[in-house]
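Here are my notes for your read-through. Keep the sequence and the 3D view side by side, and check each point as you go.

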Amino acid sequence: MAYTQCYLNRATVVVEPLSLIFQASFDVGIVLQDWKTAYVIPMFKKGSKTDAGNYRSVSLTSVPCKIMESLIKASITSFLDKSKIITVRQHGFMKHRSCLTNLLECFESWIQALDAGFEADVIYLDYRKAFDSISILRLIEKLKVCGLKSKVIQWIRSFLTGRTMKVLIKGSFSDLMEVLSGLPQGSVLGPPLFLLFVNDLLD
């Protein structure tokens with residue numbers, strides 16, 4: 001009980017200054033540069049440890065920024081739910097529409113086609129490094145077309161541009177490198193922004 005109370009007291013002390021920082025960041029549409037630096041750690045998967053292809057990169061980003069992202073995401077999600085912009089054919093990263101519902105709908109359409117005497121041809125597309133290859137300029141234009149508020153778009157533009165990264169291996173950092181494209185790995189805003197970017201793909 002005492003531990004819980006101590007935790008709540010500490011949280012209360014942090015909430016007010018963080019809320020002021022969040023509000024100021026949103027009002028001016030600028031994300032702090034420290035929030036836009038990712039520390040990339042290579043995580044070994046399997047196979048030979050001397051092969052760089054056997055490692056998966058994990059990005060460690062700012063925790064306060066993730067909290068701010070959650071607030072922005074809640075606003076975007078609410079807007080998308082009301083406006084019905086995201087196509088009903090999208091299943092990944094969607095509430096109540098997962099990879100399983102996608103598979104079930106596909107099976108149903110295939111069975112209907114076969115029962116009607118047709119053949120069913122299936123084509124799978126795998127986006128290689130899909131999040132990493134997104135054009136930020138095109139994404140911003142799509143956000144404008146979707147009707148998101150200008151302040152939200154301004155904050156997202158700042159969040160996505162001017163990003164940097166360092167690679168951390170055995171306690172040593174690489175030089176700071178600029179990230180020129182794509183959505184930040186491990187970010188809270190990555191999935192909903194990716195959905196908006198590919199939403200018109202079927203058209």
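Helices (H or I, at least four residues) and strands (E, at least two) are DSSP runs, numbered from the N terminus. Residues are numbered from 1 along each chain as its sequence is written. This is a predicted model: local features need pLDDT of at least 70, side-chain atom pairs count only at pLDDT 80 or more, totals for chains, interfaces and linings use all residues, and side-chain values use heavy atoms, with hydrogens and water left out.

1. **Serine 133.** Start in the loop between helix 3 (99-115) and helix 4, where serine 133 sits. Is serine 133 buried or exposed? Its relative accessibility is 54%, so serine 133 counts as exposed. The cut-offs are these: buried means under 20% relative accessible area, exposed over 50%, partly exposed in between (1.4 Å probe, protein chains only). Contact means heavy atoms within 4.5 Å. Setting aside neighbours within four places in sequence, serine 133 is in contact with Arg128 and Gly182. A polar atom of the serine 133 side chain lies 3.3 Å from the backbone oxygen of alanine 130. Serine 133 and leucine 183 are 50 residues apart in sequence, and their C-alpha atoms are 8.0 Å apart in space.

2. **Helix 4 against helix 6.** Two packed helices are described by the angle between their axes and the distance between the axes. Axes are lines fitted to C-alpha atoms, for helices over the stretch in contact, and angles run from 0 to 180 degrees between N-to-C directions. Here the axes of helix 4 (residues 136-146) and helix 6 (residues 190-198) come within 9 Å and cross at roughly 80°. The two helices are therefore roughly perpendicular to each other. Angles under 35 degrees count as roughly parallel, over 145 as roughly antiparallel, 65 to 115 as roughly perpendicular and the rest as oblique. Helix 4 brings Arg138, Leu139, Lys142, Leu143 and Cys146 to the contact, and helix 6 brings Leu193, Leu196 and Phe197. These residues divide into six nonpolar, no polar and two charged. For that count, Ala, Val, Leu, Ile, Met, Phe, Trp, Tyr, Cys and Pro are nonpolar, Asp, Glu, Lys and Arg are charged, and the others, Gly among them, are polar.

3. **The cover over helix 6.** How many of the residues of helix 6 are buried? Nine of its nine are. Among them are Gly190, Pro191 and Phe194. The cover over these buried residues includes helix 2, helix 4 and helix 5.

4. **The core.** A nonpolar core is a set of buried Ala, Val, Leu, Ile, Met, Phe, Trp, Tyr and Cys residues joined through side-chain atoms within 4.5 Å. The largest one has 32 residues, and Ile76, Leu143 and Ile156 touch the most other members. Helix 1 (2-28), helix 2 (63-83), helix 4, helix 5 (150-160) and helix 6 each give two or more residues to this core. Look at leucine 143: beyond its neighbours within four places in sequence, leucine 143 is in contact with Leu148, Ile153, Ile156, Leu193 and Leu196. In helix 5, the buried residues include Ile153, Trp155 and Ile156. Just after helix 5, glycine 162 takes a positive phi of about 70°.

5. **Serine 187.** Serine 187 is in the loop between strand 5 (177-179) and helix 6. With a relative accessible area of 10%, serine 187 is buried. The serine 187 side chain reaches the backbone oxygen of proline 184 at 2.8 Å. A polar atom of that side chain also lies 3.1 Å from the backbone nitrogen of glycine 190. Not counting residues up to four places away in sequence, serine 187 touches Lys66, Glu69 and Phe159.

6. Phi of phenylalanine 93 is near 65°, a positive value in a residue other than glycine. Phi of histidine 96 is also near 65°. Phenylalanine 93 is exposed at 53% relative accessibility. Histidine 96 is exposed too, with a relative accessible area of 70%.

7. **Alanine 38.** Alanine 38 lies in strand 1. At 9% relative accessibility, alanine 38 counts as buried. The C-alpha atoms of alanine 38 and arginine 163 are separated by 8.0 Å, though the two are 125 residues apart along the chain.

How values were computed
A polar contact is a pair of N or O atoms within 3.5 Å; within protein, one must be able to donate a hydrogen and the other to accept it, and residues adjacent in sequence count only if both atoms are side-chain atoms.
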